[in-house]
Amino acid sequence: MINKGYLTANSSNENDEFLTPREAVEPLLKYIESFCKRMEKSTCTIWCPFDTEESEYVKIFKTKYNVIYSHINNGQDFLTYAPKNYDLIISNPPFSKKDQILKRLYELNHPFAILLPLPTLQGQRRFKYLKDCQALIFNKRINFKNLKNNEVKKGVSFASIYICKNFLPKDLIFEEI
């Protein structure tokens, strides 16, 4: 039997908002530093478009970088909202909206690192948004926290990767966490 649930699932805050653990955010720090150097900036501004101030992305990045965070619950829908000045987009978006998110990232034309399921790399509709992208692949699956009860969801059935554009120093990187 084919598992096509991830293709047909509908999103709501209850079933599509899982929090990224610290271990999946910290590996990005060295790449952000390298990115800022390539941009010839002493510090960069990172937009976290699916995040609140409680996000691990925001907590970790704001210790060293300028961070703008936004969230649909605050009236800032990524599909229609963007801050005026930022250098890089980093976040973990709702997986059920990956097609719309990839299209919007393509339209914004800014460097990014977005955490998505590995199967996102498949699909004819997504191909034009992915063909010039980079990938940061981990040695193990990420166990996300459930927003509703703050419990870690163990035994995730899929691998997650950072799909990136103009962010990594090379197109394919394997990272241990």
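Trainee: Why does Cys 133 count as buried?

Mentor: Cys 133 sits at 15% relative accessibility. Buried means under 20% relative accessible area, exposed means over 50%, and partly exposed is in between, with a 1.4 Å probe and protein chains only. So Cys 133 counts as buried. Some ground rules: this is a predicted model, where local features need pLDDT of at least 70, side-chain atom pairs count only at pLDDT 80 or more, and totals for chains, interfaces and linings use all residues. Residues are numbered from 1 along each chain as its sequence is written, and side-chain values use heavy atoms, with hydrogens and water left out.

Trainee: What makes Cys 36 and Cys 44 a disulfide?

Mentor: Their sulfur atoms are 2.1 Å apart, and a disulfide is a pair of cysteine sulfur atoms within 2.5 Å. Cys 36 and Cys 44 therefore form a disulfide. A search of the whole structure finds one disulfide. Both Cys 36 and Cys 44 are buried.

Trainee: What makes strand β8 largely enclosed?

Mentor: β8 covers residues 160-165, and six of its six residues are buried, so β8 is largely enclosed by the rest of the structure. Helices (H or I, at least four residues) and strands (E, at least two) are DSSP runs, numbered from the N terminus.

Trainee: Which residues point each way from β8?

Mentor: Ser 160, Tyr 162 and Cys 164 point one way, while Ile 161, Ile 163 and Lys 165 point the other way. In a regular strand the side chains alternate between the two faces of the sheet.

Trainee: How do you know that β5 and β8 pair?

Mentor: Two strands pair if DSSP finds at least two bridges between them. Strand β5 (residues 112-117) and β8 have six bridges, in the antiparallel sense. Among the partners, Ala 113 is bridged to Cys 164, and Leu 116 to Ile 161. Strand β6 (residues 134-138) also pairs with β8 in the antiparallel sense, over four bridges, and there Gln 134 has Cys 164 as its bridge partner.

Trainee: What makes β3 and β9 edge strands?

Mentor: The open sheet has seven strands in the order β3-β2-β4-β5-β8-β6-β9, with mixed pairing. β3 (66-69) and β9 (172-175) each pair on one side only.

Trainee: Why are the buried residues of helix α6 placed on the same side?

Mentor: In α6 (residues 98-108), Lys 98, Ile 101, Leu 102, Arg 104, Leu 105 and Leu 108 are buried. They cover an arc of only 160° around the axis, which puts them on the same side of α6. That arc is taken from the directions from the helix axis to the C-beta atoms. After α6 comes Asn 109, whose phi is positive, near 55°.

Trainee: Why is the contact between Glu 56 and Arg 22 called a salt bridge?

Mentor: A salt bridge is a side-chain nitrogen of Lys or Arg within 4 Å of a carboxyl oxygen of Asp or Glu. For Glu 56 and Arg 22 the N to O value is 2.8 Å, so the pair qualifies. This pair links distant parts of the chain, with Glu 56 in helix α5 (residues 56-61) and Arg 22 in helix α3 (residues 22-25), 34 residues apart.

Trainee: Are Glu 56 and Arg 22 buried or partly exposed?

Mentor: Glu 56 is at 16% relative accessibility, so Glu 56 counts as buried. Arg 22 is at 41%, and therefore counts as partly exposed.

Trainee: What makes Glu 56 and Lys 59 a salt bridge?

Mentor: Their closest N and O atoms are 3.9 Å apart. Both lie in helix α5, three residues apart, about one turn of the helix. Lys 59, at 33% relative accessibility, counts as partly exposed. Salt bridges that share partners join Arg 22, Glu 26, Glu 56 and Lys 59 into one network.

Trainee: How many salt bridges does a search of the whole structure find?

Mentor: The search finds eleven salt bridges.
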